[in-house]
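Student: I have a model open and want to learn how to read it. Where do we start?

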Amino acid sequence: MLNMVDTASPSRVFDMKTLPRVLGRLTRLSLRYPWRAALAVFFATGAAILNIVTPHLLGEAVDQASNLLRHGRASQGAVLDRLLNIGLLIVAASAARGGFTGAYGYLGENIAQRVGCDLRLAFFEKLQRLSFSYHDRVHSGDLIARGILDLEGVRAFLESGVLRAVTLVLLLGFGTWRLSHTDGPTGLLALSFVPFVIWRAARMGALLRLKWMLLQEQMSLLSRSMEENLQGVRVVRAFSAKLFELSKFDKWADAALQLCNQRITIRMGTTSVMTSAYYGAMVLVLWVGGHRIATGHLTVGGLTEILTFMTILQLPLRQVGMIVNSGARAASCGERLFEVLDLEPAVRDAVGARDLVVTEGLLRFEHVDFSYDHPGEKILSDVSFALQRGKTLGIVGPPGSGKSTIAQLIARFYDIDGGRISIDGQDIRSVTLSSLRRAVALVQQEIFLFDTSVQENVAYADPWVDNERVMEAAAVAQIHDHVAGLPKGYGTLVGERGVALSGGQRQRMSIARGLVAAPDIMVFDDATAAIDAVTERRIHGGLKKAVRSMATIIIAHRLSSLMHADEIIVLDHGRIVERGTHARLLGQDGLYAALWRLQNRLEKQQGAVAPDPVTGALS
Amino acid sequence: MRIPESGGGGRAGRVEFAERALAEEVFASIDPRILRRFLGYLGPYRVRLVLVLASVAVYTAAQVGLPLAIRAAVDSAIGRSAGSLQDALVIFGALAVLNGVFGFLQDWSAARLAQQVIFDLRRNMFSHLQDVSLTFFDHTHVGRLMSRLTGDVNALQEFLEQSISAISDFFVLACIICVLLLMNWQLGLVTLTVLPLLVAIRAMWLPWAQKKFRRARDSSSTVTAALAENINGIRTVQESRREDLNFERFRILALDNLQALLESAMASQLMVPTVDILTGVSMAIVVMVGGRAVLHGTLGVGAIVAFIFYVQRFLDPIRNLSMQYTVLQRATAASHRIFEVLDVPLDITDVPNATVLAAEEPSIEFRHVTFGYRPGRPVLRDISLRIEPYQCVALVGPTGSGKTSIAGLIHRFYDVWEGEVRIGGRDVRQVSQASLGKTIAMVLQEPFLFSGTIMENLRFNSGADAPSIIAAARAVNAHDFILRLPEGYETNLRQRGRNLSIGQRQLLSFARALIANPKILILDEATANVDSFTEQEIQRALRVLLKGRTSIVIAHRLATIRDADRIIVLDHGAVVEQGTHAELLGGDGLYASLHRSAAGSFDD
């Protein structure tokens, strides 16, 4: 709790370095709709003028009425005519004011929504282009929050913050001019509460913003603790930890409630102080005004005009708090949003990049060095291999040895630090990303399923492929029978994140997805870990035909998955420590042979039937 | 506040959560009973509620009195009143002070009360969820529950905050109407004609506008969902080169959303000129009709000024009502969903005078147990088995054979349909759940860790001290890798331990179970992909963990199965074979055939 207060210092609310820059940039964004902006200002000006016209008309009417009293029935007809005119003018002015207010309100919202839509599209597009290194670093939930909440914060400021500020300035400007004409001293008194209220309101806006940020942190801790409790309900039950969990809940909830209450006190306290200032000024106006009426410097109508204008002014003044609050919010939201929008993807097409032309289908790694953040820990050093169409390369090694990294480098999801990766002699950095990725398919251990049908998920890489191909791929991946048995077959929705499918089924979907892409190079990154041995063998059988037209890389823990590869490389700490065929590696009696013995011993011990070391077939 | 009657009465009752994803809007009509139940949460705070209402009363009186003081001031300024200007101003000042103080008291205490009620409600939900049976969680998405605990609770909060100001608005409106009629009933009546007019216009506008608002909301959530999905699946998107196509699709959604938002903006802005025109009309009426009344001597100039003040205010409550109605609808729907959670029946509760399980020897016995999750579909059929204290039994069988159900029944996550489950010779339904929890611990297939430090995770609710926690971590071979982490035992687990490998997480969950030190341990062995190196460590840790306890292992790995004292083979909810590994291999039953087909593991 304590350190949270420290991190949320007021400088987080008002970072004077970013605030003008970000708000300025936001305002420029709305100028992309110049005629709407001009119209909005026009209508706002009109509304402000009409806001001083109405009090004036009312004052005039009161004067006329008091004339009636003073002069009696003599001028009756003329005065009543005059009152009728004033009445009609009031209706007209109110109608016009309403129309103008509605119009600028709508235009403000219109501009803000358009800018919001522009930003949303730009954000979406930017995220699609940013490379894996960025997505590794930034949590997806954080990005989603930026795309929703930060965007909303920016939009709200453009919609109401800017317009409210403009309206207030115009209103104060015209009002000061008009009131000083009505009666200088009284008019000045009427406006005397304005600076005070602006100051209090602005301060409240900033304070509320600060407390809000603290509250958000507290609420997210509370939500997280609730969510984990529910997700881990079995653990909670298994350990009978109800009371423990409730005490955790109470700790977060009490802290949040306290912040809520502080916010309430700030808001309500300031509001009542502002209201008191307003009424205090009104007492002064009535006092001085009353005496000036008695001395003939001011008419009753003039006093009415001043008082009415004060009531009109009250609301926009109170909103200064909101303007400040939304400005501060927009500054920090905009900052986070622009930070993403201004990023350059680490991996992108080189200038003059050409499409990859695959002829022989020869993939070559030459002395490749790689680290995720240079100068960081080296993940791969001096890795070289060559693989051609129709051949299979197996990659094995302990966790963290760099196996999966190789898979990601082939499709250039990261750029290497040294060496060269080429396909048919073309450096992959010199070809377009889209042609490269069309040539390479990755099948990963975890498949991401989209909230759509099985058909669309399998055909994700090639949405216009015909159904035959989809079914063919599914059949090879040994998932066709399962899918065909579903109520709606390939049209079945997989549900959010594919909850209805088992781990093995998901992996088989992933393989089918990779096959539909018909790549020149296919990488199975531990893609059969959750698939039982029998099914895996069937998949390999089905793949026989397909693999003839492509280069295949199999990354696996289970040696039986890759023992048939034409070449196997053994990685340790990012280096190739052994290479060769299965038989040769067994002969070398190194890491591979040790791993083989370990896996076989585990199985032998368990009395299982170990695959034959030479053929891999189950005896 | 008038609440329209609606046909929502007979719709209550128990509802299946899982099937109701899309039914939310159904509850958009307002059900008074729901509101009444909700207001029941105010019960414990009666005193504060009275304070709020008293403040509202004083505040309203001050609000309505202020223009009257202005009238007195104006009249005395132009010499039309017996009272002095000074007196009028003193009264005005006093009213202003009352207005300030009680306005603050009203808003402040009401908002705090609302906040308190909201937090109470959330705690009630959360606490109730700690007691509902696991059957409920089996077919309820956590995400949906979370949206009730956060989104719906927030909707209620918004409603409560606004309804307080609405109530005081309406008090003010009612008093203004009275004062207007008292000052000059003819002028008052004519002025008030705009009120029904506004109500009528609003009634016509509302359904049309709400359609626009709803469309805007719906399309916004579609856009949000599309954005979230694309971000979550960004790797697949890039691997499949779907960037351009996905952008095009997203653009269509975003533009449609923009259109909907603009229409809804138009709809809400249309009310602005309407209210302004009507305000203008009422002012014109005051000026014209009031002027005539002044002429006839039935009205003073000060009264006209007061009228103008009143007229400026009195349309506000009605304008706010349009917002209020939407909020009220949303709140009703939200309370419906909240009470649905609160109404989930508690199937499993302690019997009165439940005994405490303490000194009994940890034996487990199933006597003719029949059990299932859905009526008519038993998962276990007439199962009887006995596990002696300190024995280790492996449960083996194909998916759906009932292994996990047996584990759940021992811990009384569910109640049996027929027969009984006995721990230490006592029916689990007769002992307290708390003592059952102390006796039995479970290690789940998917190791689940919480946010927080490793130390906090290992301690969990055991209250154990640091040395014994470290000793346990050593025992299961987790100590070394923990020390290699940046801050050792104080390392924060990000994202519930995603920064650890699954094998490491499994070892931590072993240590957690060891620290809880239960007499009976139920272990659902992880099948997830762990490499051969880690698997050896896990097997070693397992032996430490199981020592000196009665244990049931839902076994997938042959190594674990071989080590068990006894193996129970299940199929279709019945025990088909039991015995030691050697005995079972010798026979020619399901175990032998499972064993033949599955090389290395018993997963299917």
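Tutor: Start with domains. Domain bounds come from an automatic or database domain assignment. Keep in mind that this is a predicted model.

Student: Into which domains is chain A divided?

Tutor: Chain A has domain 1, covering 17–341, and domain 2, made of 392–401 + 439–605. Taken over C-alpha atoms, the centres of domain 1 and domain 2 of chain A are separated by 58 Å.

Student: How do I read a pair of packed helices?

Tutor: Two packed helices are described by the angle between their axes and the distance between the axes. Take helix α11 (residues 242–294) and helix α12 (residues 300–318) of chain A: their axes come within 10 Å and cross at roughly 170°. Angles over 145 degrees count as roughly antiparallel, so α11(A) is roughly antiparallel to α12(A).

Student: Which residues make the contact?

Tutor: On α11(A), they include A:M274, A:Y278 and A:M282. On α12(A), A:L303, A:I306 and A:L307 are among them. By class, this contact of α11(A) with α12(A) has 10 nonpolar, two polar and one charged residues.

Student: Now the chains. How many residues does each one bring to the contact?

Tutor: Chain B brings 115 residues and chain A brings 123. On the side of chain B that touches chain A, helix α3 (residues 85–129) of chain B gives the most, with 19 residues. That side of chain B divides into 66 nonpolar, 31 polar and 18 charged residues.

Note on methods:
Residues numbered from 1 in each chain as written. Chains lettered and ligands numbered in written order. Predicted model: local features only at pLDDT ≥ 70, side-chain atom pairs only at ≥ 80, totals over all residues. Axes fitted to C-alpha atoms, helices over the stretch in contact; angles between N-to-C directions. Helix = DSSP H or I, 4+ residues; strand = E, 2+ residues; numbered from the N terminus. Parallel < 35°, antiparallel > 145°, perpendicular 65-115°, else oblique. Contact = placed C-beta atoms within 7 Å. Nonpolar A, V, L, I, M, F, W, Y, C, P; charged D, E, K, R; others polar.
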